[in-house]
Amino acid sequence: VSTQSTWVGVLDAIRIRKESFPIRRIFSNFYARYGDFDPLSKNKPVEDLEKEGFDFKSGCQRIIEILFQSVRNDKILFGKTKVFMRQDISNLLDSVLAKWVIV
C-alpha cells in the first residue's frame, strides 16, 4: 500500500500540505467563526448574510487586516473559495477569539 501511495502522489500531497498551508477554510466558515471582528457584520448570522449576497471573501480579508495589519503572503492566502493559513496564523486567530469571548 505504501508503494501504491507513493506512485499515486498521496505522500507528496501530504508533505506539501504540511509544509505549506495546512489550514483551509471556506470563506463562509471562516466568517462564521471570526465574523464578530468585522465591523460590517452587524452581528448577523452567516445564513442571513448569505441571503443578502454578502461578499465573504472581502469580509475575511477585512478581518485579517483588522487583526494583523501586516501579514505576509507566506502566512495566509485568499483563494477563490477558501482562506489558506499556516498553523501559526490559525493559532493566533484562535487565541484572539478566546480572549474576545472571555471579555
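So, what pattern does the chain follow, read along the sequence? The answer is α-α-β-α-α-α-β-β-α, which comes to six helices and three strands. Those are DSSP runs, numbered from the N terminus: H or I with at least four residues for helices, E with at least two for strands.

Quick caveats. This is a predicted model, where local features need pLDDT of at least 70, side-chain atom pairs count only at pLDDT 80 or more, and totals for chains, interfaces and linings use all residues. Residues are numbered from 1 along each chain as its sequence is written, and side-chain values use heavy atoms, with hydrogens and water left out.

Okay, the whole chain. Of the 103 residues, 29% are buried, where buried means under 20% relative accessible area, exposed over 50%, and partly exposed in between. Take contacts, meaning heavy atoms within 4.5 Å: among those between residues at least 6 apart in sequence, 61% join residues at least 24 apart.

Ser-90 sits in helix α6, residues 87-102, and counts as buried because its relative accessibility is 3%. Leaving out residues up to four places away in sequence, Ser-90 touches Ile-23, Arg-25, Tyr-34 and Met-85.

Then there's Leu-11, in helix α2, residues 10-19. Is Leu-11 buried or partly exposed? Partly exposed, because its relative accessible area is 43%.

Conventions
Buried < 20%, exposed > 50% of the residue type's maximum accessible area, 1.4 Å probe, protein only.
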